[in-house]
Amino acid sequence: MGVGIAVGLSGFAFGVTAAGAGISLAQTCALSLFVFTGASQFALVSALAAGGGPLTAAAGAFFLGFRNAFYGLRLSRLLGLRGGARLAAAHWVIDETSAVALAQRGQHAVRLGFTVTGATLFVLWNLTTLLGALGAEALGDTNAWGLDVAGPAAFLALLAPMLRGGVERATAGLAVVLGLGLLPVLPAGVPVLVAALAAPLVLLVHSRALPGKWAERDAKSAGRAGKRTAKEESR
């Protein structure tokens with residue numbers, strides 16, 4: 001619930017941003033209700049506000065939201081849902097629900113974390129979107145409120161404890177380098193997709209290094225066994 005509340009407040013910033021871009025109240029609320037992935041929503045309205053065409057803005061938002069498909073591949077097995085429940089859960093597959101669910105142990109805890117986070121965030125995000133759009137003029141500059149950093153800050157706080165081993169840290173580091181390095185030269189949303197390549201690249205390097213590590217371990221084990229045999233024979 002804490003994650004849902006912290007990130008859900010960012011809906012204020014989205015509502016204000018959408019209203020400032022000339023999007024109607026109904027369109028703004030429909031985006032939060034049916035799209036429900038904050039980064040893509042911000043990308044869409046920001047592109048429209050900058051004078052971009054609807055198709056270009058939608059394409060950028062689509063590419064940015066495509067990362068949720070990777071989350072879905074992982075969560076599909078962990079949640080173990082079927083039928084209508086599986087279809088409904090797909091709408092809540094976003095950064096925050098995925099991070100909370102993946103941090104749990106056991107299917108019951110995974111489902112509970114995913115559901116509570118998704119429900120809290122969905123309700124609050126849509127409510128604050130409405131309030132932000134209605135009170136856009138009264139709120140003024142949302143950057144002064146710092147609402148735009150609530151979502152990324154909460155996600156990083158969830159991600160940090162999961163970087164326990166060298167493989168996870170290397171993957172995160174490479175993803176950061178790819179994402180930030182390509183941000184100035186690629187269209188919006190594409191650097192995020194390229195950054196996802198960090199996982200298979202690191203796993204490929206790690207898998208090639210494993211045979212050498214296992215050979216070294218076997219040699220050490222054989223050496224220890226030889227020493228024990230020599231001691232037994234000397235006795």
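A word on the ground rules. This is a predicted model, in which local features need pLDDT of at least 70 and side-chain atom pairs count only at pLDDT 80 or more, while totals for chains, interfaces and linings use all residues. Residues are numbered from 1 along each chain as its sequence is written, and side-chain values use heavy atoms, with hydrogens and water left out.

Let's begin with the overall fold. The protein chain has 14 helices and 0 strands; helices here are DSSP runs of H or I with at least four residues, strands are runs of E with at least two, and numbering starts at the N terminus. Of the 235 residues, 31% count as buried, where buried means under 20% relative accessible area, exposed means over 50%, and partly exposed is in between (1.4 Å probe, protein chains only). Among contacts (heavy atoms within 4.5 Å) with a separation of 6 or more, 75% link residues 24 or more positions apart.

Now step inside. A nonpolar core is a set of buried Ala, Val, Leu, Ile, Met, Phe, Trp, Tyr and Cys residues joined through side-chain atoms within 4.5 Å. The largest one has 16 residues, and Phe14, Phe36, Val45 and Leu121 have the most contacts inside it. Two or more residues each come from helices H1 (2–8), H2 (11–20), H4 (38–49), H5 (54–65) and H9 (107–134), with H9 giving the largest share, 3 residues. Leaving out residues up to four places away in sequence, Leu121 touches Gly4, Val7, Gly8, Phe36, Ile94 and Glu96. Apart from this core lies another, of 9 residues, including Leu78, Leu81, Ala89 and Val93.

Helix H9 also holds Thr117, which is buried at a relative accessible area of 3%. A polar atom of the Thr117 side chain lies 2.7 Å from the backbone oxygen of Gly113. Beyond its neighbours within four places in sequence, Thr117 is in contact with Val3, Gly4, Glu96, Thr97 and Val100.

Glu96, Thr97 and Val100 bring us to helix H8, where they are among the buried residues. H8 spans residues 95–102 and is mostly covered, with 7 of its 8 residues buried.

What about charges? Side chains of opposite charge can pair when their charged atoms come close. The whole structure has 1 salt bridge, meaning a side-chain nitrogen of Lys or Arg within 4 Å of a carboxyl oxygen of Asp or Glu. Asp95 and Arg67 form a salt bridge at 3.0 Å, N to O. Because Asp95 sits in helix H8 and Arg67 in helix H6, the pair ties together parts that are 28 residues apart in sequence. Both Asp95 and Arg67 are buried.

Leu73, in helix H6, is exposed, with a relative accessible area of 66%.

Note on methods: Polar contact = N/O pair within 3.5 Å; in protein donor to acceptor, adjacent residues only side chain to side chain.
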